[in-house]
Amino acid sequence: RLDYQTKTLEKTIVYLKTEKKVKDILAPSYEGFASHDKWKKYYKGATPLFSILLDGKYTTEQLSKMVNGYEFFASGASWGGFESLVRVIKISDATRTVTTHKYNDTIVRYYLGLEDADDLINDLKEGFKRLP
């Protein structure tokens, strides 16, 4: 199952690199990720759980329209099952009080399940079309 999900993740990242609304991809297996070299040194596979950064300009309503229109991604945070999930996280400077963080934009967390990779990518494409 993880081999299948890793291949889905790889294909999804190829697409996400071309999406102009994505500011960054937060996945250790992505070569643009800050700690990718450590992942490459110590791991042989990847998790299908990753995040993307979107500009903080999007309103809650706009983000809801993007994710609520998904056909294959359900809203949730129970990572590890067979179905694809999504969760929007808007981080502000007031969110964390003990330590600082570098992500002041919108984070969208995805878990890739066992659905067809092309179906998931098309779902993502349609979601980005719903953002202004």
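**A chat about the chain and its first helix**

Reader: How many helices and strands does the chain have?
Author: The chain has 4 helices and 5 strands. This is a predicted model.

Reader: What pattern do they follow along the sequence?
Author: Read along the sequence, they run α-β-α-β-α-β-β-β-α.

Reader: What is the average pLDDT of the chain?
Author: The average is 85, and 87% of the residues score at least 70.

Reader: Which element has the lowest mean pLDDT, and which the highest?
Author: Helix α2, residues 36–42, has the lowest mean at 70. Helix α4, residues 117–129, has the highest at 97. Where pLDDT is low, the predicted coordinates should not be read in detail.

Reader: OK, new topic. What span does α1 reach?
Author: Helix α1 has 15 residues and reaches 20 Å from its first C-alpha to its last. That is close to the 21 Å expected at 1.5 Å a residue.

Reader: Which residues in α1 are buried?
Author: Gln5, Thr6, Thr8, Leu9, Thr12, Ile13, Tyr15 and Leu16 are buried there.

Reader: Take Thr8, in helix α1. Why does Thr8 count as buried?
Author: Thr8 counts as buried because its relative accessibility is 2%, and the cut-off for buried is under 20%.

Reader: What is Thr8 in contact with, leaving aside its neighbours within four places in sequence?
Author: Thr8 is in contact with Leu112, Ala117 and Leu120. Of these, Ala117 and Leu120 fall within the residue range of helix α4, 117–129.

Reader: Where is Phe82 placed?
Author: Phe82 is in the loop between β3 (74–75) and β4 (85–90).

Reader: Is Phe82 buried or exposed?
Author: Phe82 is exposed, because its relative accessible area is 56% and exposed means over 50%.

Reader: Back to the whole chain. How much of the chain counts as buried?
Author: Of its 132 residues, 41% count as buried. The chain exposes about 7900 Å², and carbon and sulfur atoms supply 52% of that area.

Reader: Last one. Among contacts between residues at least 6 apart in sequence, what share joins residues at least 24 apart?
Author: The share is 69%.

Technical notes:
Residues numbered from 1 in each chain as written. Predicted model: local features only at pLDDT ≥ 70, side-chain atom pairs only at ≥ 80, totals over all residues. Heavy atoms only, no water. Helix = DSSP H or I, 4+ residues; strand = E, 2+ residues; numbered from the N terminus. Buried < 20%, exposed > 50% of the residue type's maximum accessible area, 1.4 Å probe, protein only. pLDDT = per-residue confidence, 0-100. Contact = heavy atoms within 4.5 Å. Areas by Shrake-Rupley, 256 points an atom, 1.4 Å probe, with all protein chains shown as cover. Expected span 1.5 Å × (residues − 1).
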